Protein chains: 2
Amino acid sequence: MNDLFLRTALGEKVERPPVWLMRQAGRILPQYRAIRNNLSGFKELVETPSLAAEVTIQPVDELGVDAAIIFSDILVIPEAMGLTYELIEKKGPWFPKTIQNKADIEKLEKGEVAAEKLKYVFDAVQITQKELNNRVPLIGFSGAPWTLLSYMIEGSGSKTFSKAKKFLYSEPQLAHLLLEKITDTVIAYLKLKINAGVDLVQIFDSWAGILSPEQYRTFALPYISKICNEIDEVPKTVFAKGAWFVLEDLGKLNCNVLGLDWNMTPQYNREIVGGQKVFQGNLDPCQLYATTDEIKKQTIKMLDSFGSKHIANLGHGVYPDTPLESVKCFVDTVKNYQYPLK
Amino acid sequence: MNDLFLRTALGEKVERPPVWLMRQAGRILPQYRAIRNNLSGFKELVETPSLAAEVTIQPVDELGVDAAIIFSDILVIPEAMGLTYELIEKKGPWFPKTIQNKADIEKLEKGEVAAEKLKYVFDAVQITQKELNNRVPLIGFSGAPWTLLSYMIEGSGSKTFSKAKKFLYSEPQLAHLLLEKITDTVIAYLKLKINAGVDLVQIFDSWAGILSPEQYRTFALPYISKICNEIDEVPKTVFAKGAWFVLEDLGKLNCNVLGLDWNMTPQYNREIVGGQKVFQGNLDPCQLYATTDEIKKQTIKMLDSFGSKHIANLGHGVYPDTPLESVKCFVDTVKNYQYPLK
């Protein structure tokens with residue numbers, strides 16, 4: 001197996017940084033669009049294990065990335081807990097029912113009972129691992145409890161997530177009750193994914209950046225910390241987007257890798273976090289709209305600035321209208337890079 | 001005049017922090033809703049000087065804030081340059097025509113020629129000053145060039161502003177050409193506003209936080225810096241939302257006050273910026289959804305943590321569904337606060 005990604009995640013000294021992209025299995029690939037266009041919707045793809053496996057492997061074939069990430073959605077967890085969602089074309093996720101009060105929270109399923117409903121994900125992992133045939137490691141992922149709560153309260157995406165934040169400020173006890181149930185489910189879900197065969201798990205806290213430092217320390221970090229402490233079967237990555245203001249706390253989590261968005265410089269992060277964690281990121285996804293000469297230059301600049309203990313990626317998911325050639329230029333630039341001999 | 005706000009902005013020692021709220025003239029006030037409900041839309045209010053003046057003064061009467069801010073919109077500048085916009089209910093601004101190429105940029109008006117079209121704003125300032133009758137200072141404002149460019153390219157609000165960022169990466173020379181024209185217009189506009197009577201100007205860079213540090217230093221800071229250097233008639237505030245990653249640069253701007261969002265702790269900011277600048281902010285607007293006891297407690301905590309050289313405000317505009325009593329609790333808590341005798 002090309003285990004460069006795992007060796008790097010574990011902090012080993014490697015010859016070059018491994019590379020993959022968030023949302024690499026998606027609209028940037030013509031193969032993906034061909035499959036997607038034949039389906040009723042995104043959820044059909046998520047819920048059909050053979051197809052989810054197929055699109056998971058496409059970027060390994062087409063781009064030559066050093067890791068695959070199982071094609072799925074963070075919102076499968078709220079759904080398994082009892083809140084179904086729809087994906088509205090060009091608008092994003094929408095929950096017909098949201099959490100309004102204590103009774104709504106009490107009605108939710110949690111832990112293994114909830115997680116076991118996501119058999120289609122675990123089946124997809126098994127099929128993917130069989131078909132990947134040890135070419136590259138497979139990443140499993142989950143949304144972080146705060147981000148999942150925010151959708152369960154808000155009912156959709158939002159610029160401010162002010163309903164979700166209002167809930168934290170006005171109903172802190174209920175918020176903790178809900179966060180505990182989500183956390184139990186995330187842990188059970190990740191353990192089942194690991195049993196099914198994923199080689200590393202990544203926790204996405206997509207809406208970390210909209211909380212105040214105090215709220216993040218109260219409502220987000222303790223639950224991520226619990227997840228990290230409960231999962232010890234595989235290496236772990238935490239990507240708390242926009243959470244620069246709690247970087248020191250993130251640096252103390254029991255995880256191997258921290259994801260960085262494009263606002264964060266590696267120098268700043270090293271200074272705050274110290275030498276232990278591996279960093280993942282962080283080219284601005286919009287940088288891939290530049291010319292290939294410029295992409296190459298900026299990618300090398302990024303790799304130089306991280307130096308080592310680095311998994312190359314973008315600072316956020318690749319945008320669906322990014323030219324395929326530009327994505328390939330990014331991947332190839334990393335693969336042709338070599339750490340200077342010391 | 002209650003000049004506490006201006007004395008504080010100028011760095012003088014004061015007895016307590018002054019207080020006002022971004023978006024204080026707006027839906028939180030029943031008086032505002034009464035006027036707004038009789039009109040065809042938001043733009044009619046912006047473009048009718050007597051009404052704009054009336055809603056500007058409402059929060060001074062109702063809330064007792066220490067400053068008024070002229071009721072207007074940052075998008076009047078793109079419109080004066082030649083791009084009209086509409087405000088779609090519940091969706092936000094929308095530009096039927098956007099900037100696509102060099103010819104589009106060359107067609108735009110700029111500087112005084114553009115700014116003079118905004119006579120309704122200057123009239124509103126004059127009426128407001130007359131009716132305020134020296135009760136409190138009046139703030140004038142403008143969007144920052146990058147934020148204005150982002151709307152002119154994107155055509156609407158966006159979570160990622162990826163079209164606007166794509167423009168910066170793929171057409172850097174055109175971006176600078178457009179930013180220069182916008183900057184000239186902002187300067188002319190602020191000078192005309194100052195002539196009309198505003199006592200301080202604030203520059204809002206609402207989308208600062210989505211650029212990378214390098215992009216911000218290339219496409220945003222130099223233009224804000226130029227504006228600050230050209231305006232010396234009144235004190236200046238710069239609020240670059242989410243721009244924590246260039247705080248040191250912001251600290252060097254030729255301005256008096258820096259606005260802080262709720263992610264930023266005053267301690268961190270002081271450390272990076274040093275002792276010269278006055279800070280404005282930064283309670284999380286969602287904090288006003290808590291109980292009044294909690295609002296009081298958290299407001300005092302914020303005031304204590306700033307200590308001095310502080311203009312109390314939220315870290316972003318007040319949300320329209322915030323209970324009026326909660327806003328009053330925030331304002332009154334600040335007004336009852338006293339700096340400890342030293």
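Two residues are in contact if their C-beta atoms, placed from the backbone, lie within 7 Å. This is a predicted model, in which local features need pLDDT of at least 70 and side-chain atom pairs count only at pLDDT 80 or more, while totals for chains, interfaces and linings use all residues. Residues are numbered from 1 along each chain as its sequence is written, and chains are lettered from A and ligands numbered from 1 in the order in which they are written.

**View 1. Helices lie across strand 4 of chain A.** Helix 8 (residues 119–132) of chain A lies across strand 1 and strand 4 of chain A. Helix 8 runs at about 155° to strand 4 of chain A. Helix 11 (residues 172–196) of chain A lies across strand 4 and strand 5 of chain A, at about 170° to strand 4. Axes are lines fitted to C-alpha atoms, for helices over the stretch in contact; angles run from 0 to 180 degrees between N-to-C directions. Helices (H or I, at least four residues) and strands (E, at least two) are DSSP runs, numbered from the N terminus.

**View 2. Strand 4 (residues 138–143) of chain A is mostly covered.** Six of its six residues are buried. A residue is buried if 20 or more other C-beta atoms lie within 10 Å of its own, exposed if 12 or fewer, and partly exposed in between, with C-beta atoms placed from the backbone. In a regular strand the side chains alternate between the two faces of the sheet. A:Leu138, A:Gly140 and A:Ser142 are buried on one side of strand 4. A:Ile139, A:Phe141 and A:Gly143 are buried on the other.

**View 3. An open sheet of seven strands in chain A has parallel pairing.** The order is 1-4-5-6-7-8-9. Strand 1 and strand 9 (310–314) of chain A each have a single partner strand, so one side of each lacks a neighbour in the sheet. Two strands pair if DSSP finds at least two bridges between them. Two bridges join strand 1 (residues 68–69) of chain A to strand 4 of chain A, and A:Ala68 has A:Leu138 as its bridge partner. Strand 4 and strand 5 (residues 200–205) of chain A pair over five bridges; here A:Phe141 stands opposite A:Gln202. Three bridges link strand 7 (residues 257–259) and strand 8 (residues 278–283) of chain A, with A:Leu258 opposite A:Phe279.

**View 4. B:Leu149 has a place in the largest nonpolar core.** A nonpolar core is a set of buried Ala, Val, Leu, Ile, Met, Phe, Trp, Tyr and Cys residues joined through C-beta atoms within 7 Å. This core has 242 residues. A:Leu149, A:Ala220, B:Leu149 and B:Ala220 have the most contacts inside it. Not counting residues up to four places away in sequence, B:Leu149 touches B:Ala164, B:Ala175, B:Leu178, B:Leu179 and B:Ile182.

**View 5. Chain B meets chain A.** A rotation of 180° with 0.0 Å of shift along its axis superposes chain B on chain A (RMSD 0.0 Å). That is the relation of a two-fold axis. Copies are superposed by least squares on the C-alpha atoms of residues with pLDDT of at least 70 in both. Of the residues of chain B, B:Lys159 comes closest to the axis, at 3.4 Å (C-alpha). In the interface, 19 residues of chain B are in contact with 19 residues of chain A. Helix 10 (residues 162–170) of chain B gives the most to the chain B side, with five residues. The copies meet through the same surface, because 100% of the interface residues of chain B are also interface residues in chain A.
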